[in-house]
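Good morning, everyone. Please look at the structure on the screen, and I will go through it piece by piece.

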Amino acid sequence: MALMNRINAAILGIVLCFGLNGCSAKPKELTRVSIAFQKWVGYGLFYLGQEKGFFAQEGIELFFVDEQLDASRREAFESGILDCEAGTIDLLVSKRSLGAPVVAVLELDRSFGGDAVVVAEDIKRLEDLRGKRVAFSRDDVNETFLSYLFYQQNLTLNDITIVSRRPEEVADAFLRQEADAAVTWEPWVSKALTLPGAHILVSSAQAPEVIVDTFNIREDLLQSNPDLVKGLIRGWFKALEYYQQDPATSSQIIAKYYNLKPEEYRRDVTLLKWSSYAQQVESARAGDWERIFNLIAKLKFDLGRITRIPSAADAIDTGLIQQIHEDNQ
């Protein structure tokens, strides 16, 4: 309910603003689209696209809703008041297993070291975590990441003491030594590493097939206004192209949203790979997203995190990516 109240308040503020002489209204032709996501550096291109006007060129104005909890975003989708989100594909699996009306239309990035298991000095192997206190956010991407790593080593989450924290609190729990290990993502990996003796035990660079971020749209919006969704996709790729051409200026724009210095932001995004337009089309045609979705769905089902395996065909729609490609031929 908290997320829904914030979205409604934001919308009310916009409406009131248009009625006040002191407000500088945006052009009326812009369609406002609400978007929410966790504080992961890979999503910074949305901020860049908004500030540089790339979404405005597509007739879109984004307004950002700060909500780290996936359950709250799911409720907002179900209520029809959140339009889109960026999120990891494992969270998409969870939402679809519960019937949430949300569909992935774009792969944003893959983590190649941006997510990690940070541990105290005396921990050298995954097996050393047995009986240790491990901090992470429950039913979130890093629980899936750790479960995947454990599965490969014949370990389970029952072998550790779970220190459950909100995503933004995981590194702090480790720094306060309330946990012997933390499973988190940048920029919090770097924060956790400031503890003397702390080091990365394993990162997503060793398992890049697990942590994939997608752009997800509310299902009825996708069906009723595919041209709007195409505009969102084009705006994202314009921002990506701009960042690649001028990372210094881009990072100055984005870094403030993460309380980072521009050079820190540029460092953090070296630990992920944004997917290019050509890679998107190739992945869509090869069915890569479906394979990843099904891999994670089976893992979460086997772990008892979901009670049914959702359909990848219903959860993923690569049609718009391919249509945009055909339009540009």
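This is a predicted model: local features need pLDDT of at least 70, side-chain atom pairs count only at pLDDT 80 or more; totals for chains, interfaces and linings use all residues.

**A walk through the model**

Is Ile160 buried or exposed? Its relative accessibility is 9%, and buried means under 20%, so Ile160 counts as buried. Which residues does Ile160 touch, once its neighbours within four places in sequence are set aside? They are Leu129, Gly131, Lys132, Val134, Phe136, Leu146 and Phe150. Asp128 is 32 residues away from Ile160 in sequence, and their C-alpha atoms are 9.9 Å apart in space.

Asn154 is exposed, with a relative accessibility of 73%. Asn154 is not a glycine, yet its phi is positive, about 60 degrees. Most residues other than glycine have a negative phi, and most peptide bonds are trans.

Asn259 also has a positive phi, near 55 degrees, and is a residue other than glycine. Its loop runs between helix H10, residues 247-255, and helix H11, residues 262-268. With 70% relative accessibility, Asn259 counts as exposed.

Now to a peptide bond. Which two residues are joined by a cis peptide bond? They are Glu186 and Pro187, and omega there is about 15 degrees. Pro187 belongs to the loop between strand S8, residues 181-185, and helix H7, residues 188-192.

Let me step back to the whole chain. The protein has 15 helices and eleven strands. Its C-alpha trace spans about 60 × 40 × 40 Å along the principal axes. A compact globule of 329 residues would have a radius of gyration near 20 Å, and the protein has 20 Å, so the two agree. Of the 329 residues, 53% count as buried. Consider next the contacts between residues at least 6 apart in sequence: 79% of them join residues at least 24 apart.

The accessible surface is about 14,100 Å², and carbon and sulfur atoms account for 48% of it. As for charge, there are 36 positive and 47 negative side chains, and the centres of the two sets lie 2 Å apart.

Next comes strand S10, residues 212-218. How many of its seven residues are buried? The count is seven of seven. In a regular strand the side chains alternate between the two faces of the sheet. In S10, Val212, Thr214, Asn216 and Arg218 point one way, while Asp213, Phe215 and Ile217 point the other way, and all are buried.

S10 has partners. Strand S3, residues 84-88, pairs with S10 in the antiparallel sense over five bridges. Within S10, Thr214 stands opposite Gly87. Strand S4, residues 102-111, also runs antiparallel to S10, and seven bridges join them. Here Ala104 has Asn216 in S10 as its bridge partner.

Ala104 itself lies in strand S4. With a relative accessibility of 1%, Ala104 counts as buried. Leaving out neighbours within four places in sequence, its contacts are Leu92, Thr214, Phe215, Asn216, Ala315, Ile316 and Asp317. Where does Asp317 lie relative to Ala104, in sequence and in space? They are 213 residues apart in sequence, and 6.1 Å apart in space, C-alpha to C-alpha.

H4 covers residues 89-97, and nine of its nine residues are buried. After H4 comes Gly99, with a positive phi near 85 degrees.

I end with Asp302, in helix H13, residues 288-302. Its relative accessible area is 45%, so Asp302 is partly exposed.

Conventions. Residues are numbered from 1 along each chain as its sequence is written. Side-chain values use heavy atoms; hydrogens and water are left out. Helices (H or I, at least four residues) and strands (E, at least two) are DSSP runs, numbered from the N terminus. The radius of gyration is taken over C-alpha atoms; the globule rule is 2.2 Å times the number of residues to the power 0.38. Buried means under 20% relative accessible area, exposed over 50%, partly exposed in between (1.4 Å probe, protein chains only). Contact means heavy atoms within 4.5 Å. Accessible areas come from the Shrake-Rupley method with a 1.4 Å probe; for residues, only the protein chains shown count as cover. Lys and Arg count as positive and Asp and Glu as negative; His and the chain ends are not counted. The place of a charge is taken as NZ of Lys, CZ of Arg, CG of Asp or CD of Glu. Two strands pair if DSSP finds at least two bridges between them.
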